[in-house]
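Open the model in your viewer and keep the selection panel at hand.

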Amino acid sequence: MINFRKNFLICIGAVAAVVFVIVFHMLSLQTNAAVLTLTDKIRQETEYTTLSVNTERGNIYDRSGYLLAGNTIAYTVLLDLNLSNGNGEFIAEYLAPILGIDEETIRKFAEIPYVEKRAVSVPIKNFASRQQIDQIDQRKAFLAERKTTSLRTKSEIQKNLNAVSYIPNVYRYYPNGSLASNIIGFFPFLNPSAGAAYGIESYFDDILSAETIHKKFALDPNIPEVLPYLPANASIHLTIDRKIQSIAEAQIEAAVTHQRAKSGTIIIMDPETGEIQAMATFPRINLNNYSESSTVFTRDNRFNPAVMQPYEVGSVFKVFTLSIGLDSGAIKPNDVYNDIGTFDVDGQTIYNWNRIASGPQSITGCMAHSLNTCMSWIATEVGKTRFYEYLRAFHLDRPTGIELANEEYYPYVEPGDIGWTNLSLPNHSFGQGLMTTPIQMVKAIGAIANDGVMMQPHIVKAIEYEDHTEVFDPKAVGQPISAETARLVTEILTNSLEGEAEKAMVPGMHIAGKTGTGEIAIEGLGYVTDKTNASFVGWGPSEDPKFVAYTWLQEPTGNIWGSEVAAPLFADLMNEVMPYLRIPYDRQYANDFAFYAWTQPY
Amino acid sequence: MTQQQAYRTPPWKKQIQSLIRVSIALICAFVVALIYLTYSAKLSEVRLNIQEAHAKRNDLMRQIAEYQTRTGALTSFDAMRRRAEQSGYVDIDFYDDATYVYIPLNGYDPHARFSGADLFYPSTPPASPLRPEYTISLQYFLRQRLIQSPYKRGQE
């Protein structure tokens, strides 16, 4: 009895020890990091599969809802090497005519040796079209149904057919090719990891970009899975009108070609809202062949010069000097300036563009003759401190903040900065020695056209998110000059335009404007006279401006003057664009236009 | 002396009891397994449907994107312009009196000028502040002053 009890206790003890060891081991296995990692790895590889789920990139539309950038499907045709090895002849025979690849190439692909987990399949064509895929399916169906004499042949054919597969890929497509390409930018669909470049594509890459979600799905059917949440990408609606954009693009292309210029730019903006209605440049590229950008664009000829290329605008800048002079009270509209052809500063002489003295001139005459001396006098009367305060008020010391990537600006020197001399003020007054981008000019001149109120230029009208739409309302960003000054400047420049650049005048509408021919400074040579930037800025109707248009030709060689190339470009552009801007058209004025111009007293 | 029970359960009864216990256990296990398998099957089916829906949705998303882009291509500016021209439409010509009727407004003066600013009038004939020697080319200067004879210049 004692032995039995003793043995029983030993057994109980042994069982308890075994249970303890097992429990201890189980606990250690469940808490040991190395074991847990290994377990997790095994589970991942054996119990789960990872699927990649893609959302396509957001669309871009013009203001009327026409698609400018969308997505389309192309297919990658693959060969399963496990099935294709040894059957290259047959596969090549029926695939070659469909894919347009020679049989030998396909045969070589098909015979690449199959290596488990290393060489499993090989892509033989990227970007195959839907039609090609349909043809492959039809061909496969035809071959599969073909009557054969032996079962072996039938199974061989099926095996060969199964060796060919395809996977769909979504990629970026630009249905309008080069239209507004400088605004849109591009997404390199052949090399997505490079990321979007330029324009809207780059600026809004975070909300446009297609998101790839890698979701692990359990192979165990008892573990229920839910679909991953796929956020719909935002679509962007621009302020540009594609009709106006296309007219502007045709005009700038013709002007650049005719004048053999390096590049050309046109911007049309609504000064009351800051909406960009067109932003055309030339050269441009077809966005579906975006690789051209590496050869077409250079450091001196950017992708979108309107926002990326500061330059010395020349006499167009006199619009600001006039505005500053009048607004500060330094000059009055009926002042008379006696132009002797020179203006001396610290022993250095400033000449007019034509090195001519024009004698006594009204302020209108100063603008009509585009007198550098008169502008230097006005700037001196204003004083350096107030002059640069006004330039800051016009936001010429900063980028505009328009929703386009890679915007650049060139900070000018101010009193106190290294490089600023007493000659800088008069030079700056007529647009020499400081650089601005066309979009900076349009923004600042928009203030003059809009009764002194400067609007934020914007090119995005709305962003359509999955659950809401964000509308970009017009936003005033400052009032550099008073409404009275703005109207007066518009009147002066309307009258002066007849004397300065009759070619810029538009039949049926009073236009205020100013030409500019900026000389180009070359390192080591200084300013050269045969290379210029020819510009014109105009706004109208002068009674109540509805547009500001800016034209710029970089280094025209046919004719170097802004009044001869940029001004007529403006007139041609506005003649064509006016109906689409829905601006009332004064036919009576237009009918008398030619006669009226000829009967002027000069 | 140990005490013994007066009656014992007969062996057949014990066997039946054992069988009933085992059967109950088996039935319970069977029911549990049945429920488990039923729901497993349902879960599998649902999961398969979800995966199919997933694939279908991806396919539909691609198709929608494709159709949107095809629409974009069909309504692209060049395509629309081509179709408009083929259909006989022409560009707006505001100078075409046959197409547009203009109504003159009473009291409107198209020649009204802005009063706030001076009108532009050409001033005195432009005069250069520089002496002629600084405004003419070297070639012209040499021809005038050196090459041509004083006699000939005198004739001019």
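Select A:Ile200, A:Met279, A:Trp539 and A:Tyr550 in this predicted model. Among the 99 residues of the largest nonpolar core, these four touch the most other members. Next, colour residues 438-449 of chain A, which form helix α19. With eight residues, α19 gives the most to this core. Apart from this core lies another, of 36 residues; to find it, select A:Ile252, A:Val506, A:Leu553 and A:Tyr585, which are among its members. In soluble globular proteins, nonpolar side chains tend to be buried together.

Now return to A:Met279. Which residues is A:Met279 in contact with, leaving aside its neighbours within four places in sequence? They include A:Asn182, A:Ile183, A:Gln245, A:Ile266, A:Ala306, A:Leu404 and A:Ile439.

For the helix pair, show α14 (residues 318-328) and α17 (residues 384-393) of chain A. Their axes are 10 Å apart and the helices pack at an angle of about 115°, in a right-handed crossing. On the α14 side, select A:Thr321, A:Ile324, A:Asp327 and A:Ser328; they meet A:Arg386, A:Phe387, A:Tyr390 and A:Leu391 of α17. The residues of this contact divide into four nonpolar, two polar and two charged.

Finally, show all of chain A, with its 22 helices and 20 strands. Of its 602 residues, 54% count as buried. Among contacts with a separation of 6 or more, 72% are between residues 24 or more positions apart.

Key:
Residues are numbered from 1 along each chain as its sequence is written. Chains are lettered from A and ligands numbered from 1 in the order in which they are written. This is a predicted model: local features need pLDDT of at least 70, side-chain atom pairs count only at pLDDT 80 or more; totals for chains, interfaces and linings use all residues. Side-chain values use heavy atoms; hydrogens and water are left out. Helices (H or I, at least four residues) and strands (E, at least two) are DSSP runs, numbered from the N terminus. Buried means under 20% relative accessible area, exposed over 50%, partly exposed in between (1.4 Å probe, protein chains only). Contact means heavy atoms within 4.5 Å. A nonpolar core is a set of buried Ala, Val, Leu, Ile, Met, Phe, Trp, Tyr and Cys residues joined through side-chain atoms within 4.5 Å. Axes are lines fitted to C-alpha atoms, for helices over the stretch in contact, and angles run from 0 to 180 degrees between N-to-C directions. A crossing is left-handed if the near helix is turned anticlockwise from the far one by less than a right angle, and right-handed if clockwise. Ala, Val, Leu, Ile, Met, Phe, Trp, Tyr, Cys and Pro count as nonpolar, Asp, Glu, Lys and Arg as charged, and the others, Gly among them, as polar.
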